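Biologist: I would like to learn how to read a model of a protein, feature by feature. Could you take me through one slowly?

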Amino acid sequence: MEGKHDLTRTSTTKFATALELATDEAAYFEALVGFNQAATPADKDVHFRRLMELLPARSQATLERNQYEYYQNWYNVAIREMLAFLPYRNNAVEFARRLTPPVPPGKVKKAVSLLQGLGLLAHSPEGLRASKALLRTDPSMESLFLPRFHASMAKLALEAIDRFHKSERYFSGTTVSISPATYDMIVEKVRALRREILEHVQADPSPDRVYHLNMQLFPLTSGPRKRGRKKKK
C-alpha cells in the first residue's frame, strides 16, 4: 500500500479480495500486475494476451488487438509499404512471392484485412493502396509492441547477410567507449539522420521495393550500478 514493494502473486490475490473485485475483475487485475512487472518482452506478451482476452468487446479493445497483431509480424509493415507502389486487387499470390522471405498468400490476405481495420488503406481505381494515415499507438503500449518488432527485424537483418548479395544490402558497425553525454549526442544525430532520410523517401518519385533500415546502438558492458527499490521476495 505504501508503494515500497511490488505485489507478489499471493498479495495480488489478497488485494483483489480486499477491493471486493468480481471474478473477472480480479483476473484482469492479476494480469495487469503481471504485465506491469514482467521483466522481458516475452513475459509481457503472455500477460498482454491475457489482458486482451479479458477486455470487453469494444472499439478500443479491438484497436489494441489490431495494433498488437500489426507489430507482431514483420510482413504486415512490409505489405503496407508495398501498397504504396503496388495496388492490392486480390493478388495475394503476387505479394506473397515478392516478400523476402516469401509468406503464404493466406497471410497476405489476413494482413490486408488487418491494415483495413486499422484505417491504413484507401480504395483507388487500381485497387487498395496505402493511405497517408498514421498509426497512433498509446505510448504505454509501445514497451510491448516495439521490442518484439525490433527483434523480428534484427533477425531478418541477420538472415540478410546470406540472403542478399553485398550490392543489395549494407552493413557497417563500430565499437566505441563513450560517456552518457556522448551517447545522448549520438542518439540525437541518428534521429536527425533518420528524419533526413525520411524526407528523401517521401520525395522518391518511383519506389519499386521495400527496405528496412536498422539503426542500432546498444551497450556491450554494464554501466555504473544504480540503486533501485528492492522487490519483495
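Modeller: The protein exposes about 17,000 Å², of which carbon and sulfur atoms supply 54%; accessible areas come from the Shrake-Rupley method with a 1.4 Å probe, and for residues only the protein chains shown count as cover. This is a predicted model, where local features need pLDDT of at least 70 and side-chain atom pairs count only at pLDDT 80 or more, while totals for chains, interfaces and linings use all residues. Residues are numbered from 1 along each chain as its sequence is written, and side-chain values use heavy atoms, with hydrogens and water left out.

Biologist: What share of the residues of the protein counts as buried?

Modeller: Buried means under 20% relative accessible area, exposed means over 50%, and partly exposed is in between, with a 1.4 Å probe and protein chains only. Of the 233 residues here, 29% count as buried.

Biologist: Which secondary structure elements does the protein have?

Modeller: Helices (H or I, at least four residues) and strands (E, at least two) are DSSP runs, numbered from the N terminus. The protein has nine helices and two strands, and from the N terminus on the order is α-α-α-α-α-α-α-β-β-α-α.

Biologist: How do I read contacts, and what does Thr-12 touch?

Modeller: A contact means heavy atoms within 4.5 Å. In the protein, residues 24 or more positions apart account for 54% of the contacts with a separation of 6 or more. Thr-12, placed in helix α1 (residues 9–18), is buried because its relative accessible area is 4%. Not counting residues up to four places away in sequence, Thr-12 touches Leu-7, Phe-29, Glu-30 and Val-33.

Biologist: How are aromatic rings compared, and how many aromatic pairs are there?

Modeller: A pair of aromatic rings is described by the distance of the centres and the angle of the planes. Rings of Phe, Tyr and Trp (its six-membered ring) pair if their centres lie within 6.5 Å, and planes under 30 degrees apart count as stacked, over 60 as edge-to-face and the rest as tilted. By this rule there are four aromatic pairs. Among them, Tyr-70 and Tyr-71 have ring centres 5.1 Å apart and planes at 75°, so this pair is edge-to-face. Tyr-71 and Phe-149 also form an edge-to-face pair, with 5.7 Å from centre to centre and 70° between the planes. Because Tyr-71 lies in helix α4 (residues 59–72) and Phe-149 in helix α8, that pair ties together parts 78 residues apart in sequence.

Biologist: Where in the backbone is phi positive in a residue other than glycine?

Modeller: One of the cases is Glu-20, with phi near 55°, in the loop between α1 and α2 (23–37); at 69% relative accessibility, Glu-20 counts as exposed. Another is Asn-90, with phi near 60°, in the loop between α5 (74–82) and α6.

Biologist: Which residues does a cis peptide bond join?

Modeller: The bond joins Thr-100 and Pro-101, and omega is about 0°. Pro-101 lies in the loop between α6 (92–98) and α7 (105–117).
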